Amino acid sequence: MAHQVNLEYLSRVVFEEKDFLFPDSVVGTDSHITMVNGVGILGWGVGGIETEAVMLGLPVSLTLPEVVGCELTGSSNPFVTSIDVVLGITKHLRQVGVAGKFVEFFGSGVSQLSIVDRTTIANMCPEYGAILSFFPVDNVTLKHLEHTGIEEPPDKTVWEPVLYLKNKKHVIKINLNSIVPSVSGPKRPQDRVAVTDMKSDFRACLNEKVGFKGFQIAAEKQNDVVSIHYEGSEYKLAHGSVVIAAVISCTNNCNPSVMLAAGRLCDCVRANYLASPPLVVAYAIAGTVNIDFQTEPLGTDSTGKNIYLHDIWPSREEVHQIEEEHVVLSMFKALKEKIEMGNKRWSSLEAPDSVLFPWDLKSTYIRCPSFFDKLTKEPVALQPIENAHVLLYLGDSVTTDHISPAGSIARSSAAAKYLTNRGYVYMVIACFLVIDKVSLTPREFNSYGARRGNDAVMTRGTFANIKLFNKFIGKPAPKTVHFPSGQTLDVFEAAELYQKEGIPLIILAGKKYGSGNSRDWAAKGPYLLGVKAVLAESYEKIHKDHLIGIGIAPLQFLPGENADSLGLSGRETFSLTFPEELSPGVTLNIKTSTGKVFSVIASFENDVEITLYKHGGLLNFVARKFS
């Protein structure tokens, strides 16, 4: 984990070895690794599948990407927080298109940003698709390192030669003056709404058809008010009422400035907005998003005087002063003391001495995974995908949050059914078969994150997000159609039937499939469901690497084509054959059960990826290497 309090403690920025000075760099396992670029260290994150292979001796490979310069000019207005700057820059970079590229920030506007601003911007790389976003070392960096109590670098004159990305082929310009306070939502983080437009935009969302922004609420119901009673008091709720206001997320926790000035999605609430912590507080005070902060008061004081947002909003200068004088130094001093003291509870934990992990057959948290159940000593020839059904027909911007198991385990989910009814352990003891029931109550279900070591739970939680929009269903739900029987089932239940019938599966998707945070189970889960290939218009790079790493073929429509333009319904079956000499970017032909034939691109970037895919994925490759 690379949250900011660890960056300064672990980072050295530049190393001195005898008469040589060389820059610090890092490749890590966490999606937040890119934050380290905010302190002038080149670094990026790789997925869990790659990490598991690296731990067993396989190197990380990377095709050298294009370097894009981002020139920042101007200065932001006092009401803009670093989160606004982050979202503004993120939107701009997403629109321009920097997926799979290195981004280097420079220009007069960079000096306006504190280190926490920079690390927050760098942390958002997964949202705009860049591999990393690099901020060269400057005086702001040096002062920050001094405030954190980290040793001063050997010579400040070395910083100019340390710059990595001098030869920028393309430059993007962003004026910080153009960035205004905003929130993101109500459904996707890339849909930014200026705070000044929030009230009118939310009203418009009520009218629009169900989609990325619309809720399609009938006009006569838009002003409905309902009463609820809680602890003896009556409350009125209407469309736009704030029912949950929380300051969480790693983006905020790492940034003292926005915490001093004072966001996560809830599956039970249809409209979710991400906002800076002070705006979360402001909307919580107002109790509704149906408010214009410029003309409407947050409330009144004890004398009945109207209090507006500008009356209580702190200036950036005020916040930064408190941050530098009181927060940064004390925070890192306390951290250093804790690290030096150690942790008695951690040190006292018992660890097994065996070479092999002693699996506990009764455990519902950790069990031996099934990835290697059918592993052969030598890789077999690439098998054709024949008469595959479409498990899910998805649209654009399907994120790893939609795919990967996350959050609490719902009582009606396939994972809950497994924990409640199928938690049986079969053990052979002294030649007798013993069946031990370890079913759990709903209170004991816990979360998918806590049970990520149990592939049976995680597989059932794949595509279990209630906001998943499958075109076969026509509304957000973790459901799909099992076409041989015509039943509408949970995704896992349908996939389980397909596997029993020996039918391979594919997924149809639109643009930016797998965007968002790096999650290895967003690839592991579909693999265990029986998915052999994904056919999308475009991919987020890290997720595409994960698909290859687990043995799922990433197929891509030809430019300008998609499922709609080709007249695909998703109800057909699909067949394709891989050539014996598979090469990067080769064009393949797919034939459907309706007789339609169309071409797709096998989205492999290099020979290494092809080698891994031929082995059935990275884990199989490493396993064979050590067998």
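**Notes on the predicted model**

1. Let's start with charges: the structure holds 16 salt bridges, a salt bridge being a side-chain nitrogen of Lys or Arg within 4 Å of a carboxyl oxygen of Asp or Glu. Keep in mind that this is a predicted model, where local features need pLDDT of at least 70, side-chain atom pairs count only at pLDDT 80 or more, and totals for chains, interfaces and linings use all residues. Residues are numbered from 1 along each chain as its sequence is written, and side-chain values use heavy atoms, with hydrogens and water left out.

2. Now the overall picture. The protein has 22 helices and 27 strands; these are DSSP runs numbered from the N terminus, with H or I over at least four residues for helices and E over at least two for strands. Of its 627 residues, 47% count as buried. Here buried means under 20% relative accessible area, exposed means over 50%, and partly exposed is in between (1.4 Å probe, protein chains only). The accessible surface comes to about 31300 Å², and 54% of that belongs to carbon and sulfur atoms. Such areas come from the Shrake-Rupley method with a 1.4 Å probe, and for residues only the protein chains shown count as cover.

3. Which residue forms a salt bridge with D520? It's R452, and the closest N and O atoms are 3.1 Å apart. This pair links distant parts of the chain, 68 residues apart: D520 sits in the loop between strand 22 (505–508) and helix 19 (521–529), while R452 sits in the loop between strand 17 (432–437) and helix 17 (455–461). D520 counts as buried because its relative accessibility is 10%, whereas R452, at 43%, counts as partly exposed.

4. Next, have a look at D490 and K479, whose side chains meet in a salt bridge at 2.8 Å, N to O. D490 is in strand 21 (residues 487–490) and K479 in strand 20 (residues 479–482), 11 residues apart. With a relative accessible area of 10%, D490 is buried; K479, with 30%, is partly exposed.

5. K511 lies in the loop between strand 22 and helix 19, and E537 in the loop between strand 23 (531–536) and helix 20 (541–550), 26 residues apart. K511 is partly exposed at 42%, but E537 is buried at 19%. Going back to D490 and K479, salt bridges that share partners join them with K417 and E493 into one network.

6. Seven strands close into it in the order 15-22-23-24-27-26-25, with mixed pairing. From one strand to the next, the twist averages 40°. Helix 18 (residues 491–500) packs on the sheet and touches strand 15 and strand 22, and its direction makes about 170° with that of strand 15. Contact means heavy atoms within 4.5 Å; axes are lines fitted to C-alpha atoms, for helices over the stretch in contact, and angles run from 0 to 180 degrees between N-to-C directions.

7. Strand 26 deserves a point of its own. Five bridges join strand 26 (residues 587–592) to strand 27 (residues 597–602), and the two run antiparallel. Two strands pair if DSSP finds at least two bridges between them. In this pairing T587 stands opposite I601, and L588 has V600 as its bridge partner. The two strands form a hairpin with four residues between them, and G595 in the turn has a positive phi of about 95°. Strand 25 (residues 574–576) is also antiparallel to strand 26, joined by three bridges, and S575 is partnered with K591.

8. In helix 4 (residues 115–123), nine of nine residues are buried, among them R118 and D117. A130, in the loop between helix 5 (125–128) and strand 7 (132–134), is buried too, with a relative accessible area of 8%. Leaving aside residues up to four places away in sequence, A130 touches V98, A99, G100, K101, V103 and C125.
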